[in-house]
Amino acid sequence: MKELFPKEHVMGFIGSLVLTLAALTVVMFKGMSNGVALTILIVTAAAQALVQLVLFMHIGETEDKKSLYITIIYSVLVGLITVFGTLLAMVWGYM
Amino acid sequence: MSKENKSVPLEYSTEENELKIFGFWVFLGAEILLFATLFSVYFALVDRTGSGPIGKELFELPPVLVETFVLLTSSFLIGLGVHAMRIGRTKAMIVFYILTLVLGAVFLGVEINEFLTYIHDGATIQTSAFMSSLMTLLGTHGAHVTFGLLWGSGILLQIKKRGLNAKTANKAFIFSLYWHFLDVVWIFIFSFVYLKGVL
């Protein structure tokens with residue numbers, strides 16, 4: 001039975017639960033500034049994504065890991081440019 | 001099919017298998033961009049609520065928390081399923097995959113109920129730009145989960161019929177990548193739609 005629950009996965013799961021609770025603090029504590037709250041959300045979400053990618057999806061386990069890292073990092077980069085480019089052009093510019 | 005390499009897990013054991021897994025990562029890269037554009041639309045339109053409700057009035061955290069923990073657990077379980085597959089415990093693997101799909105169905109049930117509540121409250125996809133972008137983003141994720149349920153069930157049936165071999169193990173592993181990815185997308189929805197929305 002024990003061999004079915006590898007330490008790495010259990011730790012990853014506990015980690016993702018803790019990160020979810022950490023993200024919840026932004027709504028539990030009133031009077032937190034929006035900047036602090038958003039920073040907490042960005043950090044916990046990014047950490048959650050890394051837990052899934054590294055511990056659960058094993059992105060670094062094969063010889064072609066370099067190509068995988070490049071593919072995913074490039075996609076994330078273009079995604080971030082899309083999101084922040086949109087914010088810059090359509091939201092922040094009118095504030 | 002090229003010869004099997006015994007030194008790596010079954011799902012990587014042929015060249016075709018390796019290429020399929022690599023190709024799926026490239027597909028996930030495209031999925032990241034799909035969701036990035038949907039998030040961009042949502043962020044641009046989040047304050048355009050017109051005469052409809054704003055996020056703070058609309059969102060209820062308890063069902064969203066249920067969805068989050070259900071999806072996190074199902075992502076953990078499919079990870080255990082892949083591990084069980086690698087140590088040759090096919091029965092345990094199938095149990096983990098079934099539990100994963102059951103939790104996926106629970107998630108979908110809660111999400112559909114949430115949509116019905118919105119519509120019941122008079123907030124439909126036509127109410128405001130905010131509602132349109134919200135429902136497009138949530139709906140695209142929900143449609144992915146729905147497709148995942150069908151896909152995962154199909155793979156389970158195939159494993160039951162043909163047993164675990166290089167081909168079925170490859171499919172089961174690729175499905176686990178898809179499922180973990182949907183969990184990552186949900187975490188971003190949870191953080192930047194719901195939590196940010198009720199701040």
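A residue is buried if 20 or more other C-beta atoms lie within 10 Å of its own, exposed if 12 or fewer, and partly exposed in between, with C-beta atoms placed from the backbone. Keep that in mind. Of the 199 residues of chain B, 41% count as buried.

Some ground rules. This is a predicted model, where local features need pLDDT of at least 70, side-chain atom pairs count only at pLDDT 80 or more, and totals for chains, interfaces and linings use all residues. Residues are numbered from 1 along each chain as its sequence is written, while chains are lettered from A and ligands numbered from 1 in the order in which they are written.

Chain B, then. What is its secondary structure? Chain B has six helices and zero strands. Helices (H or I, at least four residues) and strands (E, at least two) are DSSP runs, numbered from the N terminus. Along the sequence the pattern reads α-α-α-α-α-α. The C-alpha trace of chain B spans about 65 × 30 × 25 Å along its principal axes.

Next, contacts. Two residues are in contact if their C-beta atoms, placed from the backbone, lie within 7 Å. Take the contacts in chain B with a separation of 6 or more: 75% of them come from residues 24 or more positions apart.

Look at helix α5 of chain B, residues 129-162. It has 34 residues, which at 1.5 Å a residue should span 50 Å, and its end C-alpha atoms are 49 Å apart, which agrees. The expected span is 1.5 Å times one less than the number of residues. The buried residues of α5(B) include B:Phe130, B:Leu134, B:His141, B:Gly148 and B:Ile159. What covers them? The cover includes α1, α4 (90-120) and α6 of chain B. Just after α5(B), B:Gly163 takes a positive phi of about 80°.

Buried or exposed? B:Met85 is buried, because 25 other C-beta atoms lie within 10 Å. Leaving out residues up to four places away in sequence, B:Met85 touches B:Met93, B:Leu164, B:Ala169 and B:Ala172. B:Leu34 is 51 residues from B:Met85 along the chain, and their C-alpha atoms are separated by 31 Å.

Over to chain A. Its domain assignment gives domain 1 (1-58) and domain 2 (61-95). Such bounds come from an automatic or database domain assignment. Taken over C-alpha atoms, the centres of the two domains are separated by 21 Å.

Now A:His58, in the loop between α2 and α3 of chain A. Its phi is near 50°, a positive value in a residue other than glycine. Most residues other than glycine have a negative phi. A:His58 counts as buried, because it has 20 C-beta neighbours inside 10 Å.

Helix α3 of chain A covers residues 65-90. Its 26 residues should span 38 Å at 1.5 Å a residue, and the end C-alpha atoms are 37 Å apart, which agrees. A:Leu68, A:Thr71, A:Gly79 and A:Val83 are buried in α3(A). Part of what covers the buried residues of α3(A) is α1 of chain B.

That takes us to the interface. 36 residues of chain B are in contact with 39 residues of chain A. On the chain B side, α1 (15-45), α3 (61-86) and α6 each supply at least two residues. Which helix gives the largest share? α1(B) does, with 12 residues. The chain B side divides into 24 nonpolar, nine polar and three charged residues. Here Ala, Val, Leu, Ile, Met, Phe, Trp, Tyr, Cys and Pro count as nonpolar, Asp, Glu, Lys and Arg as charged, and the others, Gly among them, as polar.

Two helix pairs to finish. Axes are lines fitted to C-alpha atoms, for helices over the stretch in contact, and angles run from 0 to 180 degrees between N-to-C directions. Under 35 degrees counts as roughly parallel, over 145 as roughly antiparallel, 65 to 115 as roughly perpendicular and the rest as oblique.

First pair: α3(A) and α1(B) pack at an angle of about 10°, with axes 9 Å apart. They are therefore roughly parallel to each other. Their contact has 17 nonpolar, nine polar and no charged residues.
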